[in-house]
Amino acid sequence: MLSIPLLRTIALLYLMLISVVSFADITEAEIRTIFPKLTRIGEPLVNPKVIPVYQLDELLGYVFETNDLTDLPGFSGERINLLISLDASGKLVKLSVLSHHEPIFLHGLGEQPMLEFLRQYEGITVDKRVIVDSRHSGQDQSGSSTVYIDGVTKATVSVLVMNDTVLSAALQVARAYLEGFARPPSVTVRDDVYQPYNWQSLEQQGLLRRWTISRERLQTEFPLDLQDYADPELQQALEQSDLPGQYYYAYLNTPVTGKNLLGEQDYARLKAVLRPGEHALLVASVGHYGFLEPEFRRGTVPSRLGMSQNGLPVDIRDLDFFDNSTPQMPSDAPPITQLGVFRIKAQSGFDPSQAMSLKLDFDLARNHLIRDQAELSDSYQLPAELFDIQEVVDVKPLPLWQRLWLDRWLQITGLVLTLLVVSAAFIWQHRLSSHRRLFHRLRWGVMLFTLFFIGFYAQGQLSVVNIYTLLLQLMKGFDIEVFLLDPVLFVLWTYVFISLFLWGRGVFCGWLCPFGVLQEIAAKLGGWLKLKQVKIPPKLHHRLQKLKYLLLLILVGSAFYSVTLAERLAELEPFKTAVTLVFVRSWPFVIYALLLLGVGMVIHKFFCRYLCPLGAGLAVLGKFSLFRWLSRRAECGSPCQLCRVRCEIDSINRDGSIDYDECVQCMECIVILNNPDQCAIELSQNKQRQKAAAADNSIVVQQL
Ligand code: SF4
Ligand code: SF4
């Protein structure tokens with residue numbers, strides 16, 4: 001008995017396959033090796049989540065996980081979690097994979113091509129456009145804002161998802177924490193708006209803001225009389241009658257404020273000091289209670305003075321702008337006691353055309369133990385004519401799935417045309433099958449197109465892994481984008497799903513499954529080589545047919561326990577080896593696929609009949625098909641057994657009925673039925689008719 005040792009061999013080989021897959025695991029020690037100069041890992045920052053890395057106090061860069069920043073699902077429906085390190089200049093330093101479920105890399109090509117793909121990003125600055133296109137990848141790209149990198153053959157979707165993941169996550173981090181990566185401003189300063197003004201005119205024009213804090217106003221914020229606070233600065237101000245306090249502030253980037261307040265020279269110097277997208281604010285005070293705390297150090301962030309816009313704090317830092325020069329204020333400026341120019345970073349989101357608020361903290365000590373605090377604020381808004389305000393049209397790239405649909409238009413068109421031909425063959429099956437030769441040519445034509453175009457070229461091999469993805473997605477909340485990422489599989493699954501309810505599983509298994517076609521070719525080869533065909537005894541055949549349902553149950557069940565395990569177990573299907581990777585894979589996988597095809601040369605579609613979990617899944621869904629399309633005659637089964645004998649996968653029962661769970665709709669039985677020179681009943685009836693006619697003729701001859 002061939003089948004039992006054979007199944008045992010296949011089972012052993014399969015167990016070998018699922019144990020050779022390995023997974024990458026990145027440890028914290030490896031993260032530390034990314035920056036060799038590292039002396040200190042900083043406290044994690046939360047918005048967005050990154051770990052800063054320092055050499056003493058100098059920032060070296062950031063390390064972050066992409067799962068904290070993006071939610072792009074991969075081909076498996078799960079995100080590809082990458083560990084990325086970015087240096088302080090915005091260059092990608094190292095990228096490694098923390099976790100992923102991309103089937104093609106897990107159990108197909110291996111993880112090496114994935115790591116090699118990611119290695120291409122090292123040294124690229126995040127403000128570059130990175131395009132995955134092997135045709136341009138070798139070209140000199142220095143000085144260009146676009147960088148082309150190599151893709152990975154057979155893993156188009158996965159690498160595009162990785163590309164989007166890397167760029168989106170790294171750009172978010174750069175925009176949040178690094179200088180010079182802020183979004184291009186929607187508001188630009190108009191350099192042509194300028195008029196010479198003195199201090200008073202600037203105030204009158206609303207370009208310079210005077211903020212007066214009266215003694216009464218300040219008193220309302222404190223429970224004790226202001227004189228009772230042990231604050232020497234405040235007391236001095238009170239003694240000198242400096243309260244009400246006078247504070248002035250102005251936005252300096254606009255020429256009309258900058259040039260008039262600083263003078264031409266210092267305005268030019270300021271513009272040179274500021275990085276792209278940065279802003280400067282001048283603050284001045286008159287009197288003894290200044291806006292800078294006594295212990296303030298130049299070049300740092302003041303604690304007494306703050307700024308906000310739209311309710312959100314805006315960080316300001318002293319520029320120490322006058323450390324080597326004397327301010328050239330307008331001649332009518334009041335006697336300024338404290339003056340500062342502050343830098344507002346580009347990534348602060350500050351918009352100078354909108355209202356801005358300055359705030360002063362008063363922190364007064366009652367005694368050594370008790371302090372009282374109050375915060376006072378003042379707002380002003382510059383005239384709109386100082387700015388060019390453009391609508392920010394955030395040019396978002398098309399969603400990945402749409403780009404993939406556009407890229408793969410040829411494959412989609414070829415597939416849709418094939419599906420139309422298959423549908424026509426099913427709709428007009430009787431008319432077609434009555435032309436035996438034409439029908440056979442049509443079916444083999446479709447099957448060869450399925451293998452070479454849909455299978456090898458368009459990678460349209462359905463798999464039980466797609467069923468896992470669907471079930472897991474249904475459990476987590478369905479996201480159709482996961483399925484749209486592969487247009488060929490999406491169109492094919494949609495068609496197969498609909499056709500299951502019309503014609504059953506056979507539409508796919510008999511016409512559209514690339515590995516099914518390979519098995520039919522193997523069977524043909526077996527026939528041409530005149531190999532003796534093995535007929536499995538009916539009892540054993542029926543038992544073995546159940547095996548695929550059990551395998552389906554185990555595989556799908558395992559997906560609920562662990563997707564990784566389920567993906568390993570799915571190596572039961574030789575589809576990835578034979579169709580996706582066209583047998584270019586490590587030898588155990590190739591031997592396994594070849595063994596199944598070899599067996600298929602003597603047992604027609606052995607894998608489909610007994611082992612295929614996808615075929616089993618389709619058969620289960622096909623039970624709900626609305627029609628039983630294959631016609632039968634009253635004589636089918638009794639007395640005629642011709643179709644049953646000719647059905648190569650033994651899906652016709654002894655009584656002539658068809659087992660639609662197993663039938664692959666090759667339509668060989670209706671070819672017989674619709675061809676009088678094939679159907680045994682027709683042939684015998686013809687014979688009888690001819691005999692009767694011959695008998696009638698002889699009677700006539702005798703009578704004559
Ligand atoms: S049973 Fe499996 S391998 Fe066979 S044709 Fe159907 S899906 Fe393809
Ligand atoms: S010959 Fe067998 S497999 Fe083909 S259509 Fe008829 S019953 Fe189905």
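Predicted model: local features only at pLDDT ≥ 70, side-chain atom pairs only at ≥ 80, totals over all residues.
Met114, Phe117 and Leu118 of helix H4 meet Val159, Met162 and Val166 of helix H5, and the residues of this contact divide into 6 nonpolar, no polar and no charged.

Two packed helices are described by the angle between their axes and the distance between the axes. For H4, which covers residues 112–119, and H5, which covers residues 156–177, the angle is about 40° and the axes lie 11 Å apart. H4 and H5 are therefore oblique to each other, and their crossing is right-handed.

The second pair joins helix H15, residues 464–476, with helix H20, residues 538–561, whose axes come within 10 Å and cross at roughly 40°. That angle makes H15 oblique to H20, and the crossing of H15 and H20 is right-handed. On the H15 side the contact is made by Val464, Ile467, Tyr468, Leu471, Leu472 and Met475, while H20 contributes Leu552, Leu555, Val556, Ala559 and Phe560. The residues of the contact of H15 with H20 divide into 11 nonpolar, no polar and no charged.

The geometry of the pairs is set out below.

| Helix pair | Angle between axes | Axes |
|---|---|---|
| H4 (residues 112–119) and H5 (residues 156–177) | about 40° | 11 Å apart |
| H15 (residues 464–476) and H20 (residues 538–561) | roughly 40° | come within 10 Å |

In summary, the contact of H4 with H5 has no polar and no charged residues, and the contact of H15 with H20 likewise has no polar and no charged residues.

Terms used:
Residues numbered from 1 in each chain as written. Chains lettered and ligands numbered in written order. Heavy atoms only, no water. Axes fitted to C-alpha atoms, helices over the stretch in contact; angles between N-to-C directions. Helix = DSSP H or I, 4+ residues; strand = E, 2+ residues; numbered from the N terminus. Parallel < 35°, antiparallel > 145°, perpendicular 65-115°, else oblique. Left-handed = near helix turned anticlockwise from the far one by under 90°. Contact = heavy atoms within 4.5 Å. Nonpolar A, V, L, I, M, F, W, Y, C, P; charged D, E, K, R; others polar.
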